[in-house]
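Welcome! Have the 3D view open as you read.

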Amino acid sequence: MTTVRIPADWPVTEEQARAVQDALRARVVLDEPGPPPGTGHVTGVDVAYDDERDVVAAAAVVLDAESLDVVAEATAVGRISFPYVPGLLAFRELPTVLAVLDALPRPPGLVVCDGYGLAHPRRFGLASHLGVLTGLPTIGVAKNPFTFTHDDPDTPRGSTAPLLDGREEVGRALRTREAVKPVFVSVGHRVSLDNACAHTLALTPAYRLPETTRRADALCRRALRGTAPA
């Protein structure tokens, strides 16, 4: 397990954090399709918090994209690096997420975040921020649609409906299990929305949430429980 220090130049105010988002947002790449589903590696990242102890744990789990077998994993723990502010959650998570990706023994391939990419009020959620900082292809697969509107997708697995901010499609509601609540997919960096949805379906053979998210969630919670009390 890696122990993470908050970078000395990390934003400490909402104004500073929004300025970072504004500076980096233009670097998001939207004209690449991304890796084909079922090829190479795909990595899930997730975090868990203990606010009383001011501790955050992150996990990265690398899967073989074809078999969905685990081929590598890593964990990291650190101090919470930013207050809870809707729309700025990446600043609470990124130092630990970056450290856990660096701790992996092999390249992560596509990275799947439990959260948002372009489906974010400032068009720069965790998946986009992480992608720009690392150069990796990233997507966001969220459990809830944040502030955006959508129609309910049709019942069959694979059905989609646009996730809309006015008339702008910022992501898609995707049905990964028949007649089960959809997930909400958005582009992070260097992946098309069609491909992001295809990856999400490839990662959900049995459950609503991607295997990347399920396994990273379980691992980061174990890591958090294993940290010593402050």
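Counting cavities of 30 Å³ or more gives one in this structure, which is a predicted model.

**The cavity**

- The largest cavity has a volume of about 40 Å³.
- Which residues line the largest cavity? They are Gly38, Val42, Ala65, Leu68, His199, Ala202 and Leu203.
- Sorted by class, this lining has five nonpolar residues, two polar ones and no charged ones.
- Why use a probe to look for such spaces? A probe the size of a water molecule, rolled over the atoms, shows where empty space is left.

- The largest pocket has a volume of about 610 Å³.
- It is lined by 28 residues, and the closest to its centre are Leu89, Glu93, Asp114, Gly115 and Tyr116.
- Strand S2 (41-50), helix H2 (90-102) and helix H5 (211-225) are the elements that each give two or more residues to the lining of the largest pocket.
- The lining of the largest pocket is made up of 15 nonpolar, six polar and seven charged residues.

**The sheet**

- Nine strands form an open sheet with mixed pairing, and you can trace them in the order S1-S4-S3-S2-S5-S6-S9-S8-S7.
- Which strands stand at the edges? They are strand S1 (2-4) and strand S7 (160-165), each of which has a single partner strand, so one side of each is left without a neighbour in the sheet.
- From one strand to the next, the twist averages 30 degrees.
- Strand S3 (residues 55-64) pairs with S4 in the antiparallel sense, over nine bridges. To find one example, look at Ala57, whose bridge partner in S4 is Val77.
- Helix H2 packs on the sheet and touches S1, S2, S3 and S4. The direction of H2 makes about 45 degrees with that of S3.

**A closer look at Thr75**

- Thr75 has its place in strand S4 (residues 70-79).
- Is Thr75 buried or exposed? Thr75 is buried, because its relative accessible area is 14%, and the cut-off for buried is under 20%.
- Leaving out residues up to four places away in sequence, Thr75 touches Met1, Thr2, Ala58, Ala59, Val100, Leu219 and Ala223.

**Strand S9 and its partners**

- How many residues of S9 are buried? Seven of its seven residues are, and S9 is mostly covered.
- S6 and S9 run antiparallel and are joined by five bridges. Here Thr138 stands opposite His189 in S9.
- S8 and S9 also run antiparallel, joined by three bridges. Here Arg172 stands opposite Val185 in S9.

**Helix H4**

- In helix H4 (residues 193-202), the buried residues are Leu193, Asn195, Ala196, Cys197, His199 and Thr200. One of them, His199, is also part of the lining of the largest cavity.
- The buried residues of H4 pack against strand S5 (110-113), strand S6 (138-142), strand S8 (168-174) and strand S9 (183-189).
- As you turn the helix in the viewer, keep a general point in mind: an α-helix has 3.6 residues a turn, so residues three or four places apart point the same way.

Note on methods: Residues are numbered from 1 along each chain as its sequence is written. This is a predicted model: local features need pLDDT of at least 70, side-chain atom pairs count only at pLDDT 80 or more; totals for chains, interfaces and linings use all residues. Side-chain values use heavy atoms; hydrogens and water are left out. On a 1 Å grid over the protein atoms alone, a cavity is a set of points where a 1.4 Å probe fits but cannot get out, and a pocket is an open set with protein on both sides within 12 Å along at least five of seven lines; lining residues have an atom within 4 Å of a point. Grid points are joined across faces, edges and corners, and a volume is the space filled by probe spheres set on the points. Helices (H or I, at least four residues) and strands (E, at least two) are DSSP runs, numbered from the N terminus. Ala, Val, Leu, Ile, Met, Phe, Trp, Tyr, Cys and Pro count as nonpolar, Asp, Glu, Lys and Arg as charged, and the others, Gly among them, as polar. Buried means under 20% relative accessible area, exposed over 50%, partly exposed in between (1.4 Å probe, protein chains only). Contact means heavy atoms within 4.5 Å. Two strands pair if DSSP finds at least two bridges between them. Axes are lines fitted to C-alpha atoms, for helices over the stretch in contact, and angles run from 0 to 180 degrees between N-to-C directions.
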